[in-house]
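Subject: Structure handover

Hello,

Here is the structure I promised to pass on. My notes follow below it.

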Amino acid sequence: MSVPLNPNVKHFDVIIVGGGPGGSTCGTYLAKAGLSVAIFERESYPRFHIGESLLPATMPIFKETGFYPKLNSGKYIEKFGARFVDYQTDDEVYFGFEGGLNREIPSAFEVERKHFDADILAHAVETGVTLHQPVRVKETIFHDSHVSVVASDGESVSEYTCKFLVDATGRDAFLGKQMKTRKPNFDLNNVAVFAHFTGVKRNPGKHEGDIVIGLLPEKAWTWIIPFKGETTSVGMVCNSSVFKGGADLGQYLMDTLNGSPRVAEYMKGAERTSEVTVISNYSHTTDTMVGPRWIMAGDAAVFLDPIFSSGVHVSCTSGKLASNVILDALKSDSMLDADGRGAKYQEDLLRGVKRFHNLIGMFYEGAFVAQMKKTLTLKNAREGFTSAVAGDMWNEENFLFQKNVL
Ligand SMILES: Cc1cc2nc3c(=O)[nH]c(=O)nc-3n(C[C@H](O)[C@H](O)[C@H](O)COP(=O)(O)OP(=O)(O)OC[C@H]3O[C@@H](n4cnc5c(N)ncnc54)[C@H](O)[C@@H]3O)c2cc1C
């Protein structure tokens, strides 16, 4: 339907719904390219969000967008590795990121998302993005010539228009739900229970920022993510079929953690400083991620599982890829899904996501620590798996990808 633009309505090249890491990264790339971009974020920041351990492979994106110096300003603890501990044998396998294929990504950061999300969104604004916050997008109407966006700040409702819309609404999956294309991922039907603590034991020196993953009975596992200062994020994940959380979730969390002697040792002096939160049914995807005037980025398109901390990396990678699709479409004055661009976006994004999925499958098959300890004695395998655990899933030089191991 051809509907003329209303001159009384504020118009942007691109409107991004959602100011998480995916939306902020996409907005920053587009604003740096000279486009008029608005981000609509419904929550006031700072606010809690899950997803606190970053991956080294995201750092080059943050360097490109200019965000890296803020991340590396001393506010966040540096993460040089990931250690996996088996509850049965007490065996540990360690992935030190400096040993990956790409020697330029030796570390990442552990971040309290209330600070990180505020920082990355503020950076997008500094690069020229117009921010509407707290403003919720309620409706999007797609015309042949543009998109109308209806948004509410809680008191009044306003209309905006744009050429293209990015759905970066996270697991809310605004468009996926509207179009009924969001599909739960039944082979990753997990529940997560988590809280923040003080007094959790830390590893010494450079290893203070390592993420610790504790394997537990019934394919459950725990994470320990230390932040700068006293606070540590601790959570557990299990299949929904074995989840037995009752009224006292705090006790359930502690009892589960005590299933691993090594994790119990980390938690000996711990005191909980936040509510316990439960999230379930978070794994999902969607068949079509791009339409003529819309594109999905980050969790709004796909989210797998927290085990390898892939979420923020996939979101920022898709934010970057989506910005390229938009810039290409504008250059050729065509639609986002024209000339095979939409299909290519999806293919590029899912190439790395599929590799994460394969690694996740390997983890849930069991005996991950024992298997990895054996595998990592081979130099090639050590480099390949370390790269994968660092999130370098779009690096075609990894022989694990060339040989379809991942
Ligand atoms: C248990 C668990 C543990 C995890 N641990 C990790 C981890 O350690 N590391 C990691 O990288 N990832 C982790 N993740 C994943 C991580 O949380 C997400 O992948 C990441 O936050 C996705 O970023 P995003 O920008 O796509 O979405 P989000 O960060 O969810 O941002 C979406 C934003 O959109 C806003 N929004 C939604 N609807 C609207 C609307 N209608 N109008 C305006 N604004 C709207 C929301 O308020 C939100 O701020 C974990 C996930 C789970 C479930």
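Some ground rules. The model is predicted, so local features need pLDDT of at least 70 and side-chain atom pairs pLDDT 80 or more, while totals for chains, interfaces and linings use all residues. Numbering runs from 1 along each chain as its sequence is written, and side-chain values use heavy atoms, without hydrogens or water.

The ligand

Val 312 has a polar backbone atom 2.8 Å from an oxygen atom of the ligand. The side chain of Arg 113 places an N or O atom 3.0 Å from a ligand oxygen atom. Val 137 uses a backbone N or O atom, 3.0 Å from a nitrogen atom of the ligand. On its own, the ligand has 1,000 Å² of accessible area, and the protein covers 97% of that. Accessible areas come from the Shrake-Rupley method with a 1.4 Å probe; for residues, only the protein chains shown count as cover.

The ligand takes up the space of the largest pocket. A pocket is an open set of points on a 1 Å grid over the protein atoms alone, where a 1.4 Å probe fits, with protein on both sides within 12 Å along at least five of seven lines. A molecule sits in a pocket if more than half of its atoms lie within 2 Å of its grid points.

Backbone

Most residues other than glycine have a negative phi, and most peptide bonds are trans. Now the departures. The bond from Tyr 45 to Pro 46 is cis, with omega near 0 degrees. Pro 46 belongs to the loop between strand S2 (37–40) and helix H2 (59–65). Gln 133 to Pro 134 is also a cis bond, with omega near -5 degrees. Pro 134 is in the loop between strand S7 (130–132) and S8.

Lys 180 has a positive phi, near 55 degrees. Its loop runs between helix H5 (174–178) and strand S11 (182–184). Asp 333 has a positive phi of about 50 degrees, in the loop between H8 and helix H9 (341–365). Are these two buried or exposed? Lys 180 is exposed at 73% relative accessibility, and Asp 333 is exposed at 73%. Exposed means over 50% relative accessible area, buried under 20%, partly exposed in between (1.4 Å probe, protein chains only).

Two buried side chains

Ser 334 lies in the loop between H8 and H9. Its relative accessible area is 16%, so Ser 334 is buried. Its side chain makes a polar contact of 2.9 Å with the side chain of Ser 332. A polar contact is a pair of N or O atoms within 3.5 Å; within protein, one must be able to donate a hydrogen and the other to accept it, and residues adjacent in sequence count only if both atoms are side-chain atoms.

Thr 232 is in strand S15 (residues 232–239). Thr 232 is buried, at 1%. Its side chain contacts that of Arg 202 at 3.1 Å, a polar contact.

Best wishes

Note on methods: 1 Å grid on protein atoms, 1.4 Å probe; cavity = no way out; pocket = protein on both sides within 12 Å on 5 of 7 lines; lining within 4 Å. Helix = DSSP H or I, 4+ residues; strand = E, 2+ residues; numbered from the N terminus.
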